[in-house]
Amino acid sequence: MSLTSQIDAELKKAMIARAADKVSVLRMLKSAVKYAALEKSGAAPEEPSDVDVIAVVRKEVKKREDSIASFTQANRADLADKEKVELELLRAYLPAQMPTENVEALVQQVIAETGATSKAQMGLVMKAAQAKAAGQVDGKTLSTIVQRLLK
């Protein structure tokens with residue numbers, strides 16, 4: 001079952017259960033996925049791949065994390081709590097995260113394959129590592145590890 005089909009099925013279940021928060025988040029996610037598909041393929045959108053859907057979910061997760069930080073700093077716990085609920089619902093659609101030790105091993109392998117020796121080649125390493133990680137590592141964690149290993 002593709003992620004878009006899974007989102008549709010979850011949306012129907014949430015509507016039947018009258019789970020307003022979940023319905024709201026899933027409708028927003030479905031809209032964001034359709035918008036991304038329109039941007040990618042133009043007027044005749046095709047069915048987005050799971051990789052495309054995961055990219056959209058990651059983008060939405062990042063938005064929620066930023067909002068939580070802003071609301072917490074502004075002493076708006078009520079709004080931060082709402083964003084936290086949305087964040088948890090969105091994280092259910094992300095693949096399991098790779099442990100840090102595996103990420104370090106992956107980055108070291110990519111550095112060996114690319115022959116990178118300095119931070120000037122960080123972009124090359126990041127691109128190859130993101131391709132190999134296949135959505136199992138967020139960019140911030142990957143970037144931190146690459147910077148640490150490329151001295």
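Predicted model: local features only at pLDDT ≥ 70, side-chain atom pairs only at ≥ 80, totals over all residues.
Residues are numbered from 1 along each chain as its sequence is written, and side-chain values use heavy atoms, with hydrogens and water left out. Local features need pLDDT of at least 70, side-chain atom pairs count only at pLDDT 80 or more, and totals for chains, interfaces and linings use all residues.

## Fold and surface

The protein has 7 helices and 0 strands. From the N terminus on, the order is α-α-α-α-α-α-α. Helices are DSSP runs of H or I with at least four residues, strands are runs of E with at least two, and numbering starts at the N terminus. The C-alpha trace spans about 55 × 45 × 25 Å along its principal axes.

Of the 151 residues, 31% count as buried. Buried means under 20% relative accessible area, exposed means over 50%, and partly exposed lies in between (1.4 Å probe, protein chains only). The protein exposes about 9500 Å², and carbon and sulfur atoms supply 55% of that area. Accessible areas come from the Shrake-Rupley method with a 1.4 Å probe.

## Charges

The protein carries 23 positive and 20 negative charges, and their mean positions are 1 Å apart. Lys and Arg count as positive, Asp and Glu as negative; His and the chain ends are not counted. Each charge is placed at NZ of Lys, CZ of Arg, CG of Asp or CD of Glu.

## Salt bridges

Side chains of opposite charge can pair when their charged atoms come close. The structure holds 14 salt bridges. Each is a side-chain nitrogen of Lys or Arg within 4 Å of a carboxyl oxygen of Asp or Glu.

One of them joins Lys-30 and Asp-8 at 3.1 Å, N to O. Lys-30 lies in helix H2 (residues 20-41) and Asp-8 in helix H1 (residues 3-17), so the pair ties together parts 22 residues apart in sequence. Lys-30 is partly exposed at 29% relative accessibility. Asp-8 is partly exposed at 27%.

## Pairs within helices

Glu-60 and Lys-63 form a salt bridge, with the closest N and O atoms 3.3 Å apart. Both lie in helix H3 (residues 50-73), 3 residues apart, about one turn of the helix. Glu-60 is buried at 6% relative accessibility, whereas Lys-63 is partly exposed at 40%. The two belong to a network of salt bridges that also links Arg-64, Lys-82, Glu-83 and Glu-86.

In helix H4 (residues 77-91), Glu-88 and Arg-91 are 3 residues apart, about one helical turn. Their salt bridge has its closest N and O atoms 3.5 Å apart. Arg-91 is partly exposed, at 37% relative accessible area.
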